[in-house]
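Hi,

Here is the structure we talked about handing over. My notes on the strands follow below.

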Amino acid sequence: MQALRWHGVKDLRVETIEEPTPKKGQVKIRIEACGICGSDLHEYAAGPIFIPEGTPHPLTNEKAPIVMGHEFSGQIVEVGQEVTRFQVGDRVVVEPVFSCGTCESCKHGKYNLCDKMGFLGLAGGGGGFSEYVAADEHMVHKIPDSLSYEQGALVEPSAVVLYAVRSSQLKVGDRAVVFGTGPIGLLLIEALKASGASKIYAVELSEERRNKAVELGAIGLNPADTDVVAEIQRLTNGGADVCYEVTGVPAVLNQAIASTKMSGQIMIVSIFEREASIHPNQIVLKERNIAGIIGYRDVFPAVISLMQQGYFPADKLVTKRIELSNIVEEGFETLIKEKSQIKIIVTPKSK
């Protein structure tokens, strides 16, 4: 089959590899749609971050080159021995978190904090930028016929933002700020709406992305022509209840801190490529607190339910659809060059 594999920085190759066969407890899925994630872009431009290079990942026993893609949906075409919850023909998405099941985090049910945690499509195990993938039964979730495969490809990134809001101290009626309205930031606006935020402010340089945030119900702020910290302080009478940092840019983290009210919270959702310095007094003198999340846990069913209610709409967030054969130039390079792009969906071949 055809698959996209990461060989190194700026070195992605669509190659012919062996089609997977489901092992005991696994299902084989024909990929119908897979989204390009910000994490994928980080690996392409500045990796390896999560991708094991040189030393195999402790859970997959794989190292680069590995198949990429972790935001995907598809249809089950084969089931392995001892699979009981699925059958051929089921429409599914995969929660792509590998965990050991034995460390302290796993023992407490916090499998996304596993000492050996990895993501399918980043740590090995196959990936969604291919024609087929074999996944463990416990990682698989059914999606209803009312949701398209394209919508299904948004379940994984939507799980990130719903988990971020659930993990924050946001309460119904609170005011929130989203710093950065790329795909995750825009999905975060949807999660905040579903969680009852009364006001959502979106800070974004790109006019196209800022306009999309406004279309989704946020109040757009342009940091190029506005002192966003002063403006947020003014609009919220002293600062927002929770500020979400979704850019991975050190200077923006400081803006998020300064835009938060006393005893408010800064929630870091992004992955940083380099260190970010802050002054501790920014936290201490206003008794603010900083938290962060990685991935998600126990939220896929809730995301799928919210999608059935109309949240996280693919028709407003997907801006381009491409085939796997064109993924590097039409996908990765396009996302780097064109800020008007939000979510690009990849299919293995022409449908």
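Strand β3 covers residues 26-35, and nine of its 10 residues are buried, so the strand is largely enclosed by the rest of the structure. Buried here means under 20% relative accessible area. Bear in mind that this is a predicted model.

With strand β5 (residues 71-79) the sense is antiparallel, over eight bridges. C34 stands opposite F72 of β5. Strand β9 (residues 132-136) also pairs with β3 in the antiparallel sense, over five bridges. There, V27 faces A135 as its opposite residue. Strand β18 (residues 343-347) is antiparallel to β3 too, with two bridges. In that pair, G35 stands opposite I345.

**The six-stranded sheet**

Now the open sheet. Its six strands come in the order β13-β12-β11-β14-β15-β16, and the pairing is parallel. β13 (219-221) and β16 (289-292) are the edge strands, each pairing on one side only. On average, neighbouring strands of this sheet are turned by 20 degrees against each other, direction ignored.

Strand β15 (residues 260-268) runs parallel to β16, and four bridges join them. I268 has G292 in β16 as its bridge partner.

**Helix α8**

Which strands does helix α8 lie across? They are β11 (175-179), β14 (240-245), β15 and β16. The helix spans residues 250-258 and runs at about 145 degrees to β15.

Best wishes

Methods:
Residues are numbered from 1 along each chain as its sequence is written. This is a predicted model: local features need pLDDT of at least 70, side-chain atom pairs count only at pLDDT 80 or more; totals for chains, interfaces and linings use all residues. Side-chain values use heavy atoms; hydrogens and water are left out. Buried means under 20% relative accessible area, exposed over 50%, partly exposed in between (1.4 Å probe, protein chains only). Two strands pair if DSSP finds at least two bridges between them. Axes are lines fitted to C-alpha atoms, for helices over the stretch in contact, and angles run from 0 to 180 degrees between N-to-C directions. Contact means heavy atoms within 4.5 Å.
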